[in-house]
Amino acid sequence: MGTPTTIHVRAETQPTERCSPVSPATVKALLAAGYCVHVEHGSARIYRDDEFKAAGAKMVPEGSWTTAPSDHIILGLKRLGRDPPALSHTHIHFGSYSERQTSSADYLCRFVDGGGTLYDIEHLTDDQGHPVASFGYWAGYAGAALALLAWSHQMLHPAATLGPLSPFRYHAAVSLVEDVMSSLSAALKTNQSPQILILGASTPSGRGATDLCSVVGVPPWSISERNIVQLSTSVLVPQMTSSDILINCAQLCPTFYPELVVDQALAEPERKLRVLCDATLDGVTPRRLHPSVVDYSKFASFRSPTITIPSHDIGHSLVLVSLDDLPNLVAREASDQLAQSLLPVLLTLDKRETERVWTRAQRKFHCVADLLLLTRCE
């Protein structure tokens, strides 16, 4: 029998990253299947170190992946920090790369320079091209929660921006729900229930947003669920401007927002819209509403979770919710789901040279890396 494959679960470098690609339950399943699992100590991670230790994982120092044997598979969530500049291992994480991004060229070059490989979780797909694992549902769930918190805050404190949020406040989704219900209840003492438009309602993110709205008591008749393919801009803009909250759960082309939000919706004199939440951000891909209005290519943060857009003298501002790490507000549930979805794929990791889910992701990596390198050299 050959040497067992070792999966090294690294700690994340972002201080507010609480999510994990494995859970104690999936670590136990991987060990039972013959894999070795090393987990770095992580104080921010939603699962405690002793939970992983009890599951049988070998606990190792934070950051030790850089000196791990070359045949260890490095599993994480987000892009790596700047060091080391050359990456020699095989990595699995959300790389969020694209052939149209300069930052992607810089990032993928680090793998090329070090002889490493990146299996982007986004590109681990089934035979129909659907991602096998994502945070979609819980990003929509948390995005809707934050949108309702922002709306309630506007109703209660029109002149003040929503203050800092801490993902460490919420040990489970029920804690977030309780906060939303409390804020919403206070706002509804002097206001009607907000009209909510959910774009991309049939996506996992859209279902999460709809479920959160229902859980906190938003009546069904106050929720409009739409898919982009169903509506033209001429039909969609009036629906959006007559809503109080817009939650986007659909991947939109770069030209969608300028036409929809800036040119028509913001200038609409009867606009009701107060909160625009985007639950599809990946922390890498920039989006721009309009240079003269707001650029959120740098995104918001838990310290400052909303961005205020000028009101065009309508009387109330439009608040933009643009966090790229929404799942951290529901870190345990989001991690449980992601880990469980990834488990069947990770169980085939020792057959990655032939298993289609891995070979497709590898081809995508090499194709984009080669294209970006060629473009960079021109």
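Six strands form an open sheet with mixed pairing, in the order 8-7-9-10-14-13; strands pair here if DSSP finds at least two bridges between them. Strand 8 (223-226) and strand 13 (306-309) sit at the edges with a single partner strand each, so one side of each has no neighbour in the sheet. From one strand to the next, the twist averages 20 degrees.

This is a predicted model, where local features need pLDDT of at least 70, side-chain atom pairs count only at pLDDT 80 or more, and totals for chains, interfaces and linings use all residues. Residues are numbered from 1 along each chain as its sequence is written, and side-chain values use heavy atoms, without hydrogens and water.

Strand 7 (residues 196-199) runs parallel to strand 8, and four bridges join them. In this pair, I196 is opposite I223 of strand 8.

Helix 6 packs on the sheet, and its direction makes about 160 degrees with that of strand 7. Angles run from 0 to 180 degrees between N-to-C directions, with axes fitted to C-alpha atoms, for helices over the stretch in contact. Here are the elements involved, with contact meaning heavy atoms within 4.5 Å:

| Element | Residues |
|---|---|
| Helix 6 | 204-215 |
| Strand 7 | 196-199 |
| Strand 8 | 223-226 |
| Strand 9 | 245-248 |

Helix 6 touches strands 7, 8 and 9. Helices (H or I, at least four residues) and strands (E, at least two) are DSSP runs, numbered from the N terminus.

Now for helix 4 (residues 136-156): 20 of its 21 residues are buried, so the rest of the structure largely encloses it. Buried means under 20% relative accessible area (1.4 Å probe, protein chains only).

Definitions and conventions. Buried < 20%, exposed > 50% of the residue type's maximum accessible area, 1.4 Å probe, protein only.
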